[in-house]
Amino acid sequence: MDPAEPPGQRPSYPPADFRRRVFARAIDLLVALAPLLLVARGHPQATALLCAGLLLFADSLFGPGRSLGKRLAGLRVVVLATRRPAGVRESVLRNGVFVLAAAPMLAGAPPQLSGAALACIVVLEAGIALRPLSRDLGQRRLGDFIAGTQVIDARLALGLAQAAPAPAPLASRAARQKDSTACASP
């Protein structure tokens with residue numbers, strides 16, 4: 001840790017591209033909901049438990065800090081305090097809110113109710129990640145705040161790319177674009 005940095009949580013990385021994050025989440029949700037099609041209809045609790053497990057552990061199933069969607073999108077989840085890829089603990093903490101969608105199915109409700117609950121949770125999480133304050137904090141969603149994590153470009157996590165300096169929190173969009181083009185020129 002740099003002695004010039006204040007103690008406490010380290011500053012966040014530049015946020016991963018939101019479109020890539022949406023693509024990764026869509027793939028992860030398809031994987032987590034696959035048991036609805038693949039498990040026999042007579043076992044709703046087993047299906048709900050399998051879906052919940054795939055949602056909970058998604059970010060550690062394909063390597064540290066990687067779900068299938070994140071691997072395909074070139075993203076990784078990192079713990080901000082240690083700057084290391086997220087593990088099973090962080091995956092459970094950051095994805096626990098999505099497991100709430102499986103609760104109605106575990107209670108015996110029809111799968112459509114769980115689907116509606118999951119859709120509400122996804123909209124809530126996207127709203128939190130897109131609000132202006134969150135944009136200044138690396139577009140982190142509620143699960144990221146709980147787990148102390150952030151989704152970043154995997155090349156940053158591996159040290160293959162340099163992290164661009166974060167723009168000022170209250171900078172205009174034009175100022176942020178100007179900063180990013182200034183960094184790109186030789």
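In the predicted model considered here, the axes of α1 and helix α3 (residues 44-56) come within 8 Å and cross at roughly 150 degrees, where axes are lines fitted to C-alpha atoms, for helices over the stretch in contact, and angles run from 0 to 180 degrees between N-to-C directions. Because angles over 145 degrees count as roughly antiparallel, α1 and α3 are assigned to that class. The crossing of α1 and α3 is right-handed, a term used if the near helix is turned clockwise from the far one by less than a right angle. On the side of α1, Leu29, Val31, Ala32 and Leu33 take part in the contact, and they meet Cys51, Leu54 and Leu55 of α3, contact being defined as heavy atoms within 4.5 Å. Sorted by class, this contact of α1 with α3 comprises seven nonpolar residues, with no polar and no charged ones; Ala, Val, Leu, Ile, Met, Phe, Trp, Tyr, Cys and Pro count as nonpolar, Asp, Glu, Lys and Arg as charged, and the others, Gly among them, as polar. Helices (H or I, at least four residues) and strands (E, at least two) are DSSP runs, numbered from the N terminus.

Residues are numbered from 1 along each chain as its sequence is written. As the model is predicted, local features need pLDDT of at least 70 and side-chain atom pairs count only at pLDDT 80 or more, while totals for chains, interfaces and linings use all residues, and side-chain values use heavy atoms, with hydrogens and water left out.

Side chains of opposite charge can pair when their charged atoms come close. With a salt bridge taken as a side-chain nitrogen of Lys or Arg within 4 Å of a carboxyl oxygen of Asp or Glu, the count comes to eight. One of them joins Asp153 to Arg20, with the closest N and O atoms 3.5 Å apart; this pair links distant parts of the chain, Asp153 lying in strand β3 (residues 149-153) and Arg20 in helix α1 (residues 18-33), 133 residues apart. Asp153 is buried at 13% relative accessibility, whereas Arg20, at 27%, is partly exposed (buried means under 20% relative accessible area, exposed over 50%, and partly exposed in between, with a 1.4 Å probe and protein chains only).

A salt bridge also connects the side chains of Arg94 and Asp144 (2.8 Å, N to O), which lie 50 residues apart in helix α5 (residues 88-99) and helix α9 (residues 142-147), respectively. Arg94 is buried, with a relative accessible area of 1%, and Asp144 is likewise buried, at 0%.

Definitions and conventions
Parallel < 35°, antiparallel > 145°, perpendicular 65-115°, else oblique.
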